[in-house]
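Morning, everyone. Please look at the model on the screen, and I'll walk through a few residues.

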Amino acid sequence: MENVTDAGEAGIDESAPVVSRHSVTVTASADTVWRILTDIDAWTTWLPEIPYAHIETPGPLAPGSVFRWSAAGMEIESTVAQVWPRDRLVWRGYGGGQDGVLGVHVWALTPAGDGVEVSTEESFAGPPVDADPATFQAGLDTTLAMWLHRLKITAEAATAS
């Protein structure tokens, strides 16, 4: 897949009431990490906390691709904003509908020694977040750390096999 993007670099909402950033070094190729991260239909195989994930837009992942998934008891519809293969993936979506939680999620891969540094950041905004930012902050921090841990385990196991 070639480099596909909207103009400029998409990012999180830095002014959102909840912002979380985490990273991990993975001893696997960027190709392996990218394949696992972008195979949305297979998320449930390595993220048991996600009971459902399905890409709805046919063809390669690209800006405008829509996927639906569930996490933390919320049904989420996300739209891909940016795809830079083996480098950067950005999506935004609502959990619980338009009056729910608006999340903007960025994944970035950077070469690091014999592997790749995987960084992720996400912002949460919306009425439920405004009502209880501390709970959403704690939940998002836990979730992002868990996703990175599981991504690392999955990519390193794929590399070892």
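Where is the place of T154? T154 sits in helix α4, residues 133-160. Helices here are DSSP runs of H or I with at least four residues, strands are E runs of at least two, and both are numbered from the N terminus.

Quick ground rules. This is a predicted model, where local features need pLDDT of at least 70, side-chain atom pairs count only at pLDDT 80 or more, and totals for chains, interfaces and linings use all residues. Residues are numbered from 1 along each chain as its sequence is written, and side-chain values use heavy atoms, with hydrogens and water left out.

Back to T154. Its relative accessibility is 23%, so T154 counts as partly exposed. The scale: buried is under 20% relative accessible area, exposed is over 50%, partly exposed is in between, with a 1.4 Å probe and protein chains only. Leaving aside neighbours within four places in sequence, T154 contacts I36 and W46. Contact means heavy atoms within 4.5 Å. P111 is 43 residues away along the chain, and its C-alpha lies 18 Å from that of T154.

Next, strand β4, residues 66-71, which holds S70. S70 is buried because its relative accessible area is 6%. Beyond four places in sequence, S70 touches I50, P51, Y52 and E75.

Now the backbone. Which residue has a positive phi of about 50° although it is not a glycine? That is A72, in the loop between β4 and β5 (74-84). A72 is exposed, at 77%.

R86 also isn't glycine, and its phi is positive, near 60°. R86 lies in the loop between β5 and β6 (88-95). At 38% relative accessibility, R86 is partly exposed.
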